[in-house]
Amino acid sequence: IARATGAWHSLVRDEMNLWSAAPAISLWRAPTDNDGIKLWEGQDDKALGRWRGFGLDQLQRRVDTVKLKRRLDAVVVETKIALSGRENWTDFKVTERLVFEEKLSRLELDLRIGDPALYDLPRIGFQLGLATGFEHVSWYGPGPGETYSDRLAAGRIGRWESTVDAMEVPYVMPQENGHREAVQWVALRHESGAVVRCQGVEPFGFNASHYPANELYRARHREELVRSPEVWLNLDGFHRGVGTGSCGPDTLPQYCWAKKRAHFAFELEVSS
């Protein structure tokens, strides 16, 4: 743990760091064509136009305080953070908690939204980077293909297995893809045999990809994508529905975020 920032920079197993990037709150997704066509002007009335206006695609992070607490059976790191894509630091106030126990670690976030216009967020959760070699994915929930909150009928409940590359949906215009919604747990296995297993306190969504959101957002065509050797894992307590906004109605209200606060927690366990 970095004491200055509260970031969890390493998770060592058999002398190998399983992290490539520390877990951090994530509110942004690569926009879908239904959110707004990223190459077109005049998208202000679309979700993408609103998100760009608030700077969600370029959020800055400011760490205000870091506290280390010791309990009889756990160590807790609590970090107060401000996030903003504009000139003020009142848009988002975040408390991240890392709880380390004997066998389990826990990621918690409390989010307070300062501006009512910001309620319609793309996602709320954590993003973390896993080391090169975490290619096998298994989960329990809807599958085997991608599912979103407003497309759950596309999946069947069960235990599913895949690879990170196979979970990608190769849209001609790179965009958000491959999400699995309403899962009970997800596990990624490294080629060495190490397994990182994530479970939500409540059902959650996840993405596992070699393309982080901003890489998908940057690229105009698939051949422009730069594949990362590491795996980017998103654990979402909330992920906005995809709707039909490119040629029909936007995402229905029940699949959008409309609250001032959010609280989500995930448990992580490492095994061999």
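**Reading the pockets**

Reply: By class, 13 nonpolar, six polar and two charged residues make up the lining of the largest pocket, where Ala, Val, Leu, Ile, Met, Phe, Trp, Tyr, Cys and Pro count as nonpolar, Asp, Glu, Lys and Arg as charged, and the others, Gly among them, as polar. This is a predicted model, in which local features need pLDDT of at least 70 and side-chain atom pairs count only at pLDDT 80 or more, while totals for chains, interfaces and linings use all residues. Residues are numbered from 1 along each chain as its sequence is written, and side-chain values use heavy atoms, with hydrogens and water left out.

Me: What volume does the largest pocket have, and which residues lie nearest its centre?

Reply: Rolling a probe the size of a water molecule over the atoms shows where empty space is left. On a 1 Å grid over the protein atoms alone, a pocket is an open set of points where a 1.4 Å probe fits, with protein on both sides within 12 Å along at least five of seven lines, and lining residues have an atom within 4 Å of a point. Grid points are joined across faces, edges and corners, and a volume is the space filled by probe spheres set on the points. Here the largest pocket has a volume of about 460 Å³, and Ile-25, Ser-26, Leu-27, Leu-59 and Gln-127 lie nearest its centre among 21 lining residues.

Me: Which element gives the most to the lining of the largest pocket?

Reply: Strands (E, at least two residues) are DSSP runs numbered from the N terminus, and β3 gives the most, with five residues.

Technical notes
Helix = DSSP H or I, 4+ residues; strand = E, 2+ residues; numbered from the N terminus.
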